[in-house]
Amino acid sequence: MIVGTAGHIDHGKTTLVRALTGVDADRLPEEKRRGMTIDLGYAYAGPLGFVDVPGHERFVHTMLAGAGGIDAALLVVAADDGVMPQTREHTAILHLLGIDRAVVALTRVDRARGRIAAVSAEIRNLLGPTALAGAPVLPVCAPTGEGIDALRDALLALGRRPRDQSGYARLAVDRAFTLGGVGLVVTGTLVAGTVAVDDRLVISPSDTPVRVRGLHANNRLAMQAEAGQRVALNMTGAHKDQVARGDWVLAPPLHAPTAVLDAQVALIADPPPRLESTPVHIHLAATHVTGRASTLGDGGFVRLVLDRPIGALAGDRLVLRDAAAMHTIGGGMVVDPWPPRRGARTPARLARLEWLSQPTPEALRGELASGWTDFAAFSRAHNLPLKVGAALLAQADGVLVGPLAVAAGAPGRMRSEITHILAAHHKAHPDEPGLQPDRLALRLAAKPPAALFRAIVDTALRRGEVQQDGPWLRLPIHRATLSSAQERLWASCRPLIAAERFRPPRTRDLARALHVAEPDMRATLKRLARAGRLVEVAHDHFFLRETVAEMVGIAAALSREAGGLVSTPEFRDRLDNGRKVAIQVLEFFDSVGVTRRDGEARRIRPDRLKLFAAPET
């Protein structure tokens, strides 16, 4: 169990830890010289590990770095002084960090035995409104050993906080140093998961890959450590300048630094002020970063815009201090580490923050009833490995469609809506082959995001409910129809277009050759394009559909030969055509998604290679 000290300067925290463990947690020469703790100190005794923090107001940021990973608090109050300013601030910080178990050591009782009752009452009044209400207050005298055994027993009785053993590994770094013959060592609290020798991890936010060469858990050599333990990792792959207090060492799936996050925060002031891009200091685990805070609504939700990216996940506790870093103004927990940049105060967004703050199966079921959620991002934000996330989704009666979670019946309802929309379109436009996916998506009532729509369509295609006809989607029973006159004209113009398939005559040339008025020729060619027999690559420049499919194949072959890129000169030479036509064709490929620009060249999208293939039958 990891215990963090708290309390005013010179109330005997380090002396008390020495009495409990036999270890002097003041390790720095300056601490010895000045007789005060200025950095985090660590000491172990049996099942107890202590994080000794400074009590001076100038070092509250250091206190916060040590308090983030503790199981319980040892609040130290001197009997001769009583409750002092840092006693109050440290108590508020422990409450904001969600620490709900503590023992109060009333020190220096040998100097003020007559004040024990009064100071104890003062302490109980202080703790009453906090999560530490009811904590036992035990009189002690560290130099003589009075009350030390009872204090140790009371601490052991508190027990460890529940920790996330099932998630991926996350270690909050509070120290980094190099040892001769060993190399880089980082220490911190493992807040989730397990870590073992030879594990491959990442230093975040710098994205530096490392390997665990050796480790200590709670000051003992071990092969594996689990969440809740103080851990020292000896790592290869990085040097001391690449890691610092506030970084994370974590499993690669969790590496996703953020500079904007939404949190649920309780402000200490009464009434709480409204924050409007207010400068603040943010403390999260061992991280200290500046930024700006803005109130989002009436539920205590706050948008934090940070001055640099940090590692953060949902449920991480944080504390806010004012711009001068002199006063604690509030704290709470991260709700969404990667929020949308727009619409932060809309009712829909605030409602979503409500369920994200309590991600239970019931809350998730309510979220899915109104639409969908990015379950991959949700699982990462809550450190849910695949099996754990799948179990939560099943309890919420949800299913995965691509990366998104939806209610179990939603995919079937969307596929049914797609078939109804296509049937209505075929009835109104029998001469058209169907609807292009983008137009079809806009007609769906739910307006699903692109990833969800593509997954729903893919399922409908696999099940044979719809068919792909080039760039169009249609029902299996539908075929575009032409009038008898248009069929006759098509029979006449098709050989002319096919004769020079990569250089087909333009509309005016076809009109002259077939003695047809140019407007009539243009109207017929456009009707043929809507029927899926021709493709209008550029204005008045129609290619046979099979020729377009052949040109897609040529571009794909060039891409394979040139390491993934298609250049205009090579494409022009392969078609044995002019540069202007080659550019028109490639720009058309860009517009329909067959290719995408990459500087002066293009890259093929493999999922679009069959876009102009022959219609399915």
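**Burial, sheet architecture and side-chain pairing in a predicted model**

At a relative accessibility of 15%, Leu482 counts as buried, where buried means under 20% relative accessible area, exposed over 50%, and partly exposed in between (1.4 Å probe, protein chains only). The structure is a predicted model, in which local features need pLDDT of at least 70 and side-chain atom pairs count only at pLDDT 80 or more, while totals for chains, interfaces and linings use all residues. Residues are numbered from 1 along each chain as its sequence is written, and side-chain values use heavy atoms, with hydrogens and water left out.

Leu482 is placed in the loop between β26 (472-474) and α14 (484-499); helices (H or I, at least four residues) and strands (E, at least two) are DSSP runs numbered from the N terminus. When residues up to four places away in sequence are not counted, Leu482 touches Glu487, Arg527, Leu528, Ala531 and Arg533, contact being defined as heavy atoms within 4.5 Å. Leu482 and Arg527 are 45 residues apart along the chain, and their C-alpha atoms are separated by 8.1 Å.

A closed barrel of six strands is found in the order β16-β19-β18-β17-β20-β21, with antiparallel pairing; two strands pair if DSSP finds at least two bridges between them. From one strand to the next the twist averages 40 degrees, with axes taken as lines fitted to C-alpha atoms (for helices over the stretch in contact) and angles running from 0 to 180 degrees between N-to-C directions. Helix α3 lies across β17, β18 and β20, and runs at about 175 degrees to β20. Seven of the eight residues of α3 (residues 60-67) are buried, so this helix is largely enclosed by the rest of the structure. The buried residues of α3 are covered by elements that include β1 (2-7), β3 (48-52), α4 (85-96), β17 (278-284) and β20 (317-321).

Aromatic pairs were assigned where rings of Phe, Tyr and Trp (its six-membered ring) have centres within 6.5 Å, with planes under 30 degrees apart counted as stacked, over 60 as edge-to-face and the rest as tilted. By this rule the count comes to five aromatic pairs. The ring centres of Phe375 and Phe378 are 5.4 Å apart and their planes are at 25 degrees, so this pair is stacked. Both residues lie in helix α9 (residues 375-381), three residues apart, about one turn of the helix, and both Phe375 and Phe378 are buried. The pair formed by Phe588 and Phe612 is tilted, with 5.8 Å from centre to centre and 40 degrees between the planes. Phe588 lies in helix α19 (residues 579-592) and Phe612 in the segment after β31 (601-604), so the pair ties together parts that are 24 residues apart in sequence. Phe588 and Phe612 are both buried, and together with Phe571 and Phe589 they form one aromatic cluster.

Salt bridges were defined by a side-chain nitrogen of Lys or Arg within 4 Å of a carboxyl oxygen of Asp or Glu, and by this rule the count comes to 33. One of them joins the side chains of Arg163 and Asp71 at 3.3 Å, N to O. This pair links distant parts of the chain, 92 residues apart, with Arg163 in the loop between α6 (148-158) and β7 (170-179) and Asp71 in the loop between α3 and β4 (72-78). Arg163 is buried at 18% relative accessibility, and Asp71 is likewise buried, with a relative accessible area of 0%. The side chains of Glu465 and Arg415 also meet in a salt bridge (3.0 Å, N to O); Glu465 is partly exposed, with a relative accessible area of 23%, whereas Arg415 is buried, with 13%.
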